[in-house]
Amino acid sequence: QFTGRAVANWTPKLAFTDQTLVYGSYAHGYKAGGANPPGALFSQSPSLEPSDLSGVEPVHPLTFKPEFVDAFELGTKNTLLDGALTLNGAVFYYNYENYQISEIVDRTAINHNYDAHVKGAEIEGTWEPLPGLRFNFSGGWEDAKIAKGRSAVDLIDRTAGQPGWYVVKPFVNEA
């Protein structure tokens, strides 16, 4: 599949900075799809014989689709105070089609596809007021969402935020 990245840079002369770079970029990315691993593909029932599995549907998809992303970024890199201060910032937006998410099912990783959107911002800076004394700071904000009506198992929060749901383990050694 076609992939690529385009970047435009601009270095304006500003009175309040020693040097400034403003940039914008667009990238289109691709990750191949594939086959999910074999394993417990069918719902288990003690009454089923192997010959009865012909009409049984798999518990998870046998394959997963390729993933595509369109990534947009705008940012700036600045040097100020005769090189004593650097200040960088950026905003970004990623639009995923068929984002690949793995989840653990019956002790194996199964891949699913979801459309997703990620937006965010980052800022970082370094200030060195005296030689040998440096202060660094950085921060970021991100908002990531999969398409409406879709869900996956979050291994950290298996109740998916549902107040009436509980995680039950029949035995300590079994999930």
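Analyst: Let us begin with a definition: a residue counts as buried under 20% relative accessible area, as exposed over 50%, and as partly exposed in between. The model shown here is predicted. Within it, Asn98 has a relative accessibility of 15%, so Asn98 counts as buried. This residue lies in strand β6.

User: Is Leu81 buried or exposed?

Analyst: Leu81 has a relative accessibility of 55% and therefore counts as exposed. Leu81 is found in the loop between β5 and β6.

User: What should I know about the backbone angle phi?

Analyst: The general idea is that most residues other than glycine have a negative phi. Leu81 has a positive phi of about 55 degrees, although it is not a glycine. Asn98 is not a glycine either, and has a positive phi of about 60 degrees.

User: How many aromatic pairs does the structure hold?

Analyst: Two aromatic rings pair if their centres lie within 6.5 Å. The structure holds seven aromatic pairs. In the case of Tyr30 and Phe68, the ring centres are 5.4 Å apart and the planes stand at 45 degrees, so this pair is tilted. The pair links distant parts of the chain, with Tyr30 in strand β2 and Phe68 in strand β5, 38 residues apart.

User: How does the accessibility reading apply to Tyr30 and to Phe68?

Analyst: Tyr30, at 34% relative accessibility, counts as partly exposed. Phe68, at 18%, counts as buried because the cut-off is under 20%.

User: Which residues do ring pairs link into a cluster?

Analyst: The cluster consists of Phe92, Tyr94, Tyr96 and Tyr99, linked by ring pairs.

User: Which residues does Glu142 touch, not counting residues up to four places away in sequence?

Analyst: A contact here means heavy atoms within 4.5 Å. With residues up to four places away in sequence not counted, Glu142 touches Phe92, Val118, Lys119 and Gly120. Phe92 also belongs to the ring cluster described above. Glu142 and Phe92 are 50 residues apart along the chain, and their C-alpha atoms are separated by 9.2 Å.

User: Where does Glu142 lie, and is Glu142 buried or exposed?

Analyst: Glu142 lies in strand β8, which covers residues 133-146. With a relative accessibility of 55%, Glu142 counts as exposed.

Note on methods: Residues are numbered from 1 along each chain as its sequence is written. This is a predicted model: local features need pLDDT of at least 70, side-chain atom pairs count only at pLDDT 80 or more; totals for chains, interfaces and linings use all residues. Side-chain values use heavy atoms; hydrogens and water are left out. Rings of Phe, Tyr and Trp (its six-membered ring) pair if their centres lie within 6.5 Å; planes under 30 degrees apart count as stacked, over 60 as edge-to-face and the rest as tilted. Helices (H or I, at least four residues) and strands (E, at least two) are DSSP runs, numbered from the N terminus. Buried means under 20% relative accessible area, exposed over 50%, partly exposed in between (1.4 Å probe, protein chains only).
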